[in-house]
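Open the structure in your viewer and keep the selection panel at hand. The stops below say what to pick next and what is there.

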Amino acid sequence: MNHRTLIIGGGLAGCTAALELANNGCEVTILEKSDRIGGKVRQYGCKAAGRCNNCGLCLAGDLWNQVENHGKITIIIGSRLIDVLGSKGDFSVIYKSGKGVLSLDRIQDIIVAAGFEEFSTVSSSSLEFNTEDGIISGHQMEGLFSRRTNDGIFTGSPGSIAFIQCLGSRDVREKAAYCSRVCCGYSTRMARVLKYYYPEAEIVFFYMDLQWVEAGEYLDRLENEGIKFIRCRPVKIKAGKPNRIQFEQPGTAAVVEKDFDIIVLTEGIHPAENAERLAELCMLKVDKSGFLKNVKGGEHTGIYLAGCISGPKRIEEVYSESLAVARVILGRKANDGGSL
Ligand SMILES: Cc1cc2nc3c(=O)[nH]c(=O)nc-3n(C[C@H](O)[C@H](O)[C@H](O)COP(=O)(O)OP(=O)(O)OC[C@H]3O[C@@H](n4cnc5c(N)ncnc54)[C@H](O)[C@@H]3O)c2cc1C
Ligand code: SF4
Ligand code: SF4
């Protein structure tokens, strides 16, 4: 009997692990809840500005195409896990799809790769804002980048653009005291692209801290490129034409206002909405931030975690972690003589 692995979630993590396993002779089934594989990354755009800005997206390459056309990978879209029975080496899973409630048997390993939620999809912020024309989330901005042409991102000059950092992260009011780790990277790369196309545009970051993005004095480099940084958390964001940001002037208690044509809410990574249910079904635990953790290592339980389901990670981290998980499973397969 062939080694069979079930993967819950067909984003970057699930697809990377699936391809590595399938290329090494395993049968893989991906349960994907949406109507296509690829997760968030498939909706992102290149952030090169004249030269590559190392956003990590190239690592995905034509992954989705390879996974969709691999003879050893079965993708069940629109599906949801209902139950997991059995134990390492011989799991049965029950799932629901458009074809009703079905089961899969003789699964040796399970990889939970159900990813994360964007802040804008899970909660309304304690900041007041309306997502109207001109106020967009980081995810929506990624969508604009994915459709960029040789002429740029927008039709015409965007005028002035503000990035509000840490939206939904580093804030106990949002039940997310942690740093999402990826948003300083994607937002500052976006700003560089915007400056490249629209050198006249005013670009201002409202930030508290800048996470490591690339070696050297990154902040100085961005400022030299004409991008401005104001260290504060805005008090209020008002939608309108133009949009208005109220903030405490750094170094004083005075609240001042500044208008922008576009405001980007730099959202972070939140736990998957179904994390608790997945933890229950897959004998995992939920950490204090809501991400999944193994109770024991996957080598003992046959259930592995890959990608942002266990916490915020950049594309390159997700990619290497998912390859590593697949290789542990392949090591087990080799030790088991290729079959169980
Ligand atoms: C706005 C934004 C921009 C970003 N830009 C960058 C960047 O430029 N560079 C970078 O390095 N990182 C970036 N990141 C981080 C990047 O998005 C993650 O590293 C990556 O998407 C994680 O992949 P994943 O497979 O773990 O999760 P996801 O992309 O969330 O994929 C999870 C998949 O699982 C499916 N799923 C969920 N629950 C279930 C279930 N119960 N059953 C079946 N399927 C399920 C989902 O539909 C989805 O297809 C960004 C993050 C954000 C929020
Ligand atoms: S997608 Fe990212 S890594 Fe690839 S060329 Fe563009 S900026 Fe560079
Ligand atoms: S990566 Fe940057 S923007 Fe995101 S939560 Fe951390 S400090 Fe804030």
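Start with strand β6, residues 100-107, and pick arginine 106 within the strand. Check its backbone: arginine 106 has a positive phi of about 55 degrees, although it is not a glycine.

Keep in mind that this is a predicted model. Colour it by pLDDT. The protein averages 91, and 93% of the residues score at least 70. Now select residues 125-129, where the pLDDT is below 50. Beyond near neighbours in sequence, this stretch has 13 contacts in the model.

**A cis peptide**

Go to the loop between β13 (234-238) and β14 (243-248), and select proline 242 there. Which form does the peptide bond from lysine 241 to proline 242 take? The bond is cis, with omega near 0 degrees.

**Ligand 1**

Select ligand 1 and display its shell, which holds 40 residues. The closest are Gly9, Gly11, Gly39, Gly115 and Gly307. Which elements give two or more residues to this shell? Four helices do: α1 (12-23), α4, α5 and α9 (315-335). So do the strands β2 (27-32), β4 (80-87) and β8 (116-118). Colour the shell by class to find 18 nonpolar, 13 polar and 9 charged residues.

**Helices α1 and α9**

Stay with two helices of that shell. The axes of α1 and α9 come within 8 Å and cross at roughly 40 degrees. The crossing of α1 past α9 is right-handed. On the α1 side, select Leu12, Ala13, Thr16, Ala17, Glu20 and Leu21. On the α9 side, the contact residues include Ile315, Val318, Tyr319, Ser322 and Leu323.

**Helices α4 and α5**

Next, show α4 (residues 138-146) with α5; their axes come within 11 Å and cross at roughly 45 degrees. Roughly parallel would need an angle under 35 degrees, and roughly perpendicular 65 to 115. The two helices are therefore oblique to each other. Here α4 passes α5 in a left-handed crossing. Gly138, Met141 and Phe145 of α4 make the contact with Cys183, Tyr186, Ser187 and Met190 of α5. These residues divide into 5 nonpolar, 2 polar and no charged.

**Ligand 2**

Finish at ligand 2. Which residues surround it? Select Cys46, Lys47 and Ala48, then Cys52, Asn53, Asn54, Cys55, Gly56, Leu57 and Cys58. This shell has 6 nonpolar, 3 polar and 1 charged residues.

Note on methods
Residues are numbered from 1 along each chain as its sequence is written. Chains are lettered from A and ligands numbered from 1 in the order in which they are written. This is a predicted model: local features need pLDDT of at least 70, side-chain atom pairs count only at pLDDT 80 or more; totals for chains, interfaces and linings use all residues. A residue is near a molecule or strand if its C-beta atom, placed from the backbone, lies within 6 Å of it. Ala, Val, Leu, Ile, Met, Phe, Trp, Tyr, Cys and Pro count as nonpolar, Asp, Glu, Lys and Arg as charged, and the others, Gly among them, as polar. pLDDT is the predictor's confidence in each residue, from 0 to 100. Two residues are in contact if their C-beta atoms, placed from the backbone, lie within 7 Å. Axes are lines fitted to C-alpha atoms, for helices over the stretch in contact, and angles run from 0 to 180 degrees between N-to-C directions. Angles under 35 degrees count as roughly parallel, over 145 as roughly antiparallel, 65 to 115 as roughly perpendicular and the rest as oblique. A crossing is left-handed if the near helix is turned anticlockwise from the far one by less than a right angle, and right-handed if clockwise.
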